[in-house]
Amino acid sequence: MALSIGRHCARSRSLLRRLYSSSPDAAPDLPALQMPAFDHVPRPYAGPSAEEVLEKRRKFMNPAMFLYYKKPLNIVEGKMQYLYDESGKRYLDAFAGIVTVSVGHCHPEVVQAVIKQTELLQHTTTIYLHHAVADYAEALAAKMPGNLKVVFFVNSGSEANDMAMLMARLYTKSFDIVALRNAYHGMSPSTMGLTAHSTWKYSVPQGFGVHHVLNPDPYRGPFGADGKLYANDIANLIESATPGKVAGFFAETIQGVGGAVELAPGYLPAAYEIIRNAGGLCIADEVQTGFGRTGSHYWGFETQDVLPDIVTMAKGIGNGLPLAAVVTTPEIASVLAERLFFNTYGGNPVCSAAGHAVLKILDKEQRQQHCATVGNHLLARLRALQDKYELIGNVRGRGLMLGVEFVTDRVAKTPAKNETMMVMERMKDLGVLVGKGGRHGNALRIKPPMCFTLEDADFLVDALDHSLSTF
């Protein structure tokens, strides 16, 4: 064992030296991979250089922000599933602005909807009537199952989850909330407590009344893919750490920031039953999984055949515009009428026009079925790579919400964090941008715009194959 650990440490040090010792401007030895043809010519860029932007960012912006890559990219233009840097180099975007660009960068129908509404009226707030907001609420409610028919518009996923927590506590008159380890639900003062990653937590009082239970992770969890066994931890927690009643339960069906971890089959039906028996509401966080991205279903929670009481959504809802929503039943929604509720930008006419355009495009271009077709092909090819490379410990996900977890030892499942960084750098040099996540930062997150094609999928896997072959 000591020899194995020593070899791994030596290997990691060697990898890091290779990653950081060369000049950032040194041109890598690239193979002859051919990016799919794409009919778009980027406009000439005359703005500040990457170095100038980086200097301004360091001087004037939030110092806690992070950047990908040794030499950060200055992205200046986007079109559908592609991005362009200041030199005009094209990149295949397999991360979609952190799973936010749904129908494609600068999709012409979204752009036109935004321009048309902007020319008429940019903002009023909900103290006046406006058809764009009401029409969009009606269209979004029509996409929801059951009696989930009342829509509250807000600005971000954090704000949506914050509001869902408030609703659950008001409706049930209980306070305790149950969430999963490895979950990410936001970074507001309240949702930071729901989130279960130390990376995203400050050392301030947080999470009062929030309890985290075992994560039903089929790859790393103690019960494998047996969802019902994991759910028992909820019952134990309610009996030991609460008054016996809870306000609600939050879960992503596929954990996004957590590394595209899909919850074990059968987990949500068992969990929902336990929560409802304790008087709580079930809240589905669809910030990343919603709007057909999983391919098999329009909403992630449908993959486990459950019906939540509250659904939160953001990111792809507006294709990059600041838009989010909370959808619930009329009965639950009525609790907020005990006082006045107001959101200055929630239901902004421009954002509503964009969100409505997104819904129409998803239907018109049949993006849910497209995600299923391309995602199944991509999964099959990634699993073939897993057979080829010991570094790949797990390939998982659905549709165009996939994860590839790297480990240095398949039995011990030792996170290969340094190797993950190298793979990302190499893929970027080859023209493919991916994300990373997971508690240890050792999982590639492959979550492209939903217009991503079969040819794009093949190019991504070929780039990953070459990147892994260089180790």
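Is arginine 396 buried or exposed? I looked it up: arginine 396 counts as buried, at 8% relative accessibility. My cut-offs are under 20% relative accessible area for buried, over 50% for exposed, and partly exposed in between (1.4 Å probe, protein chains only).

Notes on the source. I'm working on a predicted model, where local features need pLDDT of at least 70, side-chain atom pairs count only at pLDDT 80 or more, and totals for chains, interfaces and linings use all residues. Residues are numbered from 1 along each chain as its sequence is written, and side-chain values use heavy atoms, with hydrogens and water left out.

Entry on salt bridges. Side chains of opposite charge can pair when their charged atoms come close. I searched the whole structure and got 13 salt bridges (a side-chain nitrogen of Lys or Arg within 4 Å of a carboxyl oxygen of Asp or Glu).

Entry on arginine 396. Its side chain meets that of glutamate 405 in a salt bridge, 2.7 Å from N to O. Glutamate 405 is buried too, with a relative accessible area of 3%. I also found Arg220 linked with Arg396 and Glu405 in a network of salt bridges.

Entry on arginine 381. I found a salt bridge to aspartate 458, with the closest N and O atoms 3.0 Å apart. Aspartate 458 sits in helix α14 (residues 454-469) and arginine 381 in helix α12 (residues 367-388), 77 residues apart. Helices here are DSSP runs (H or I, at least four residues), numbered from the N terminus. Arginine 381 counts as partly exposed at 25%. Arginine 381 also forms a salt bridge with aspartate 462 (3.0 Å, N to O).

Note on methods: Helices (H or I, at least four residues) and strands (E, at least two) are DSSP runs, numbered from the N terminus.
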